Amino acid sequence: MKKVNSIFIVDDDPITVFGIKKMLKPVVVCDDVKIFQNGKEAYDVLKEKKENGGSIPDVIFLDINMPIMDGWDFLEELIKLEIQERIIINMITSSIDPLDYKKWNEFKPRCPHTLNFKNKPIFKIETSDLECMDMAS
Amino acid sequence: MKAIQRTSQHYLLKQLPKATALLSKDGTLVDASDSWLDIFGLPLKSGLAINIHSLMEDTDDLADQLKKNAPFSIRHKIEKSRDIHWLESNFNPWFDEKENIIGTIVQTDDISKEVEMEMELKKVNKMLKTKSEVAKVGCWEFNVETEELYWCDETKKIHQVPESYQPNVTDAINFYKQGFSRNKISMLFHKILNDGQSYNQRLMIVTKKGEEKWVNAAGKAIMEDDKITRLFGTFQDIHEQVLAEAKIKENEQLLTTLIDNLPLNIFVKDLDSKKILVNQAECDYLGKSREELIGKDDFDLYDKEVAKISRDEDLEVIKTLKPILGKETISIKKDGQTTNFLTSKIPLFDLDGKVNGLIGISMDISPIKKKEDQLRNLINITSIQNKKLINFAHIVSHNLRSHSANFSMLLEFLKSEDQEEEKNKILKMLTRASDNLLETLENLNEVVDINTRVNLKKEPIVLHDAISKVLHNLSAFMEKNHVTIQNHVDKEQQIWSVPAYLDSIILNLVTNAIKYRSPDRKPVITINAKQIEQRTILSIADNGLGIDLERHGDKIFGMYKTFHNRKDAKGIGLYIIKNQIEAMGGSITVNSEVDKGSTFNVYFNEKSE
């Protein structure tokens with residue numbers, strides 16, 4: 001089974017958080033899964049880790065519609081942090097708004113990290129969702 | 001004796017005042033008076049051996065005539081000091097005492113003046129005849145005494161009678177068309193004959209060939225010794241002119257009828273933009289008569305700005321000779337009345353092809369313009385509503401989708417779950433998802449309800465009382481959070497609102513102010529109401545957390561938008577009250593500063609029912 005050091009789940013819906021955690025269990029071993037209610041909370045922690053040399057998460061599950069700081073704003077700020085480590089970001093949303101898909105396409109080339117887009121409902125997390133595709137290929 | 005006799009005879013002849021000469025039988029000059037010799041330019045003392053034939057070379061039959069021994073006269077000419085002189089000579093036989101013919105007596109007159117006058121008269125007559133033919137003017141003359149009527153050739157020609165025709169007054173009058181023309185000429189002829197009153201009248205005749213013709217008949221009485229002796233007049237064929245005039249009048253009538261009845265304002269302006277023609281529609285529009293408008297320019301009739309624009313257009317058309325076609329213009333009259341026109345200005349050329357003004361055609365499109373505005377307004381409203389609808393559809397699909405996605409996921413888990421404990425956990429989650437879905441549906445239902453209610457019944461409500469009622473209901477919640485309320489609303493102030501909506505608006509705004517209070521300060525809520533023109537503005541201000549408007553400004557009234565990390569923040573309250581306010585024709589704005597507080601301003605529309 002794959003071993004991952006740190007995973008962030010950024011979502012304000014407890015059911016989705018419950019689902020992601022449940023789906024992670026069979027595919028990955030990770031002792032450090034952190035839950036955040038919105039982008040701001042996750043950003044604050046990331047920023048603190050960048051400044052103080054804490055461990056950067058390998059994978060982030062990111063919701064789009066959240067209060068205070070939504071998924072897109074979080075991505076914007078994350079790029080500005082210029083973190084050297086490569087993160088796999090899985091955007092998870094129930095939105096089928098084409099605008100969101102378009103936005104994801106715009107972000108992809110700008111974001112140094114791997115950016116995946118997943119529409120809810122999801123039933124299974126693949127190992128490939130936890131690996132950097134660029135590095136694997 | 002014979003010599004003396006001859007001498008005395010000679011001397012007598014010499015002195016005769018009438019130019020006289022004596023010829024022998026063979027035509028030789030025997031003797032002549034001085035005056036005779038002078039006429040022929042002969043010296044007084046000349047020898048008399050001159051033959052008459054040499055003096056009258058241009059008369060061929062002189063010799064033959066002389067042989068007849070009968071009196072005769074001839075007209076001949078001589079050249080004297082380079083002038084041609086016309087002479088008339090009378091020849092008579094010369095008898096001696098015994099009645100024997102011994103020669104011829106010749107008496108000669110210089111008739112140059114008479115001949116000249118005769119020729120002049122001929123010329124004048126010819127000119128007169130030509131003139132009357134060309135101008136189709138004939139003449140007539142009536143002798144009162146003899147009752148003889150004379151018609152010139154042209155007059156006869158107009159009547160279509162032969163030149164041999166002899167007119168009389170009765171026939172002449174009968175040529176006039178029965179009815180007005182004949183009655184009129186009878187009366188006029190009677191008057192000129194009795195009172196000498198001249199006339200000049202346009203009448204109709206029927207010619208010999210039965211053609212109807214317009215003529216101009218004129219007459220003048222000629223007096224001699226206070227008595228009318230003759231009538232003289234002219235007679236002119238004016239049929240073609242009258243027909244042409246009638247045709248012109250007909251065309252004019254057609255044109256006038258046409259332009260006066262067109263539902264367009266039509267005007268013609270000269271180079272100075274002064275009106276030289278206006279139609280009825282233009283008169284009606286400007287509320288002035290035709291006479292009042294002719295000679296006026298746009299500065300006399302319109303607002304200064306409008307007149308300036310119009311004049312510039314005129315100058316452009318006159319300068320470039322290019323017409324302005326179908327241009328939308330706005331015209332403002334002196335009284336301020338505004339009209340939208342579709343205007344065309346076309347250069348007007350004179351017969352030499354030189355521009356001498358312009359023709360203007362304006363169509364009043366104000367009603368169309370008004371309709372267009374109404375339509376545009378309707379499109380705007382529709383498009384706003386459409387946007388709202390799309391937005392709402394997004395909200396619905398997004399929120400329902402997220403719940404259904406959760407259901408699917410949880411059910412999938414449940415299917416493959418063996419452990420009882422885990423199954424219970426999933427079921428608990430499913431129940432929660434179901435509750436969430438129900439709540440979402442309720443919220444959506446509420447929004448739909450606000451937007452679909454057509455007849456909102458607004459009532460006059462005392463604002464202060466409505467606020468007090470809401471505050472009373474919230475008193476426990478406020479007490480718990482140590483809230484201070486400052487209600488500055490005038491106790492008398494009334495507003496028009498749907499009562500339930502007003503309660504909802506106050507409740508939501510006050511609740512929000514308490515919910516998003518600052519942990520560092522005791523919450524203070526200030527409520528004010530102001531009247532600005534026709535609108536009442538209700539302000540609810542707090543000293544709470546505030547919102548970063550730069551970041552969230554556009555989302556603050558959106559559905560399911562929350563900005564603070566609170567468990568009871570649903571993101572539905574502001575969305576609902578915004579819908580309620582807009583349904584009543586009002587609006588809501590917010591001012592906020594992070595960690596200072598927020599002020600919500602509700603604008604109630606008092607006018608719309």
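## A first look at chain A

What share of the 137 residues of chain A count as buried? The answer is 39%. Keep in mind as you look around that this is a predicted model.

Chain A contains five helices and seven strands. If you follow the chain along its sequence, they come in the pattern β-β-α-β-β-α-β-α-β-α-β-α. Take the contacts in chain A whose partners are separated by 6 or more positions: 81% of them link residues 24 or more positions apart.

## Two helices side by side in chain A

Let's start with a helix pair. Two packed helices are described by the angle between their axes and the distance between the axes. Helix H2 (residues 39–52) and helix H3 (residues 71–81) of chain A have axes 9 Å apart, and they pack at an angle of about 10°. An angle under 35 degrees counts as roughly parallel, so H2(A) is roughly parallel to H3(A).

Which residues meet here? On the H2(A) side you'll find A:Gly39, A:Ala42, A:Tyr43, A:Leu46, A:Lys47 and A:Lys50, and on the H3(A) side A:Gly71, A:Asp73, A:Phe74, A:Glu77, A:Leu78 and A:Leu81. Sorted by class, this contact has six nonpolar, two polar and four charged residues.

## A helix pair in chain B

Now hop over to chain B. The axes of H14(B) and H15(B) come within 9 Å and cross at roughly 165°. Angles over 145 degrees count as roughly antiparallel, so that is how H14(B) and H15(B) are arranged. The crossing of H14(B) past H15(B) is left-handed.

H14(B) brings residues including B:Phe392, B:Val396, B:Phe407 and B:Leu414 to this contact, while H15(B) brings, among others, B:Ile426, B:Met429, B:Leu437 and B:Val447. The contact of H14(B) with H15(B) has 13 nonpolar residues, five polar ones and one charged one.

## Where the chains touch

How many residues does each chain put into the contact between chain A and chain B? Chain B puts in 19 residues and chain A 17. Helix H14 (366–416) and helix H15 (420–452) of chain B each supply at least two residues of the side that touches chain A. The biggest giver on that side is H14(B), with eleven residues. The residues on the chain B side split into eight nonpolar, eight polar and three charged.

## A five-stranded sheet in chain B

Chain B also has an open sheet of five strands, in the order E12-E11-E15-E14-E13, with antiparallel pairing. Strand E12 (275–278) and strand E13 (324–332) are its edges, each pairing on one side only. On average, neighbouring strands in this sheet are turned by 30° against each other, direction ignored. Zoom in on strand E11 (residues 265–269), and you'll see three bridges in its antiparallel pairing with E12(B). Within this part of the sheet, B:Lys269 stands opposite B:Lys275 in E12(B). Helix H13 (residues 304–320) packs on the sheet, where it touches E11, E13, strand E14 (338–349) and strand E15 (355–364) of chain B.

Is B:Leu348 buried, exposed or partly exposed? With 19 other C-beta atoms within 10 Å, B:Leu348 is partly exposed, because a buried residue needs 20 or more. Leaving aside neighbours within four places in sequence, the contacts of B:Leu348 include B:Val268, B:Val355 and B:Ile359. B:Leu348 and B:Asp270 are 78 residues apart in sequence, yet their C-alpha atoms are 8.8 Å apart in space.

B:Val462 has B:Gln494 as its bridge partner in E18(B). Strand E18 (residues 494–497) has two faces: B:Ile495 and B:Ser497 are on the covered one, B:Gln494 and B:Trp496 on the uncovered one.

Most residues other than glycine have a negative phi, and most peptide bonds are trans. Here are some exceptions. A:Lys120 and A:Pro121 are joined by a cis peptide bond, with omega about 0°. You'll find A:Pro121 in the loop between strand E7 (114–119) and helix H5 (133–136) of chain A.

A:Glu82 has a positive phi, near 55°, and sits in the loop between H3 and strand E6 (88–93) of chain A. A:Glu82 is exposed, with 8 other C-beta atoms within 10 Å. In chain B, B:Leu321 has a positive phi near 60°. B:Leu321 lies in the loop between H13 and E13, and is exposed, with 12 other C-beta atoms within 10 Å.

Terms used. Residues numbered from 1 in each chain as written. Chains lettered and ligands numbered in written order. Predicted model: local features only at pLDDT ≥ 70, side-chain atom pairs only at ≥ 80, totals over all residues. Contact = placed C-beta atoms within 7 Å. Helix = DSSP H or I, 4+ residues; strand = E, 2+ residues; numbered from the N terminus. Nonpolar A, V, L, I, M, F, W, Y, C, P; charged D, E, K, R; others polar. Pairing = 2+ DSSP bridges. Axes fitted to C-alpha atoms, helices over the stretch in contact; angles between N-to-C directions. Parallel < 35°, antiparallel > 145°, perpendicular 65-115°, else oblique. Left-handed = near helix turned anticlockwise from the far one by under 90°.
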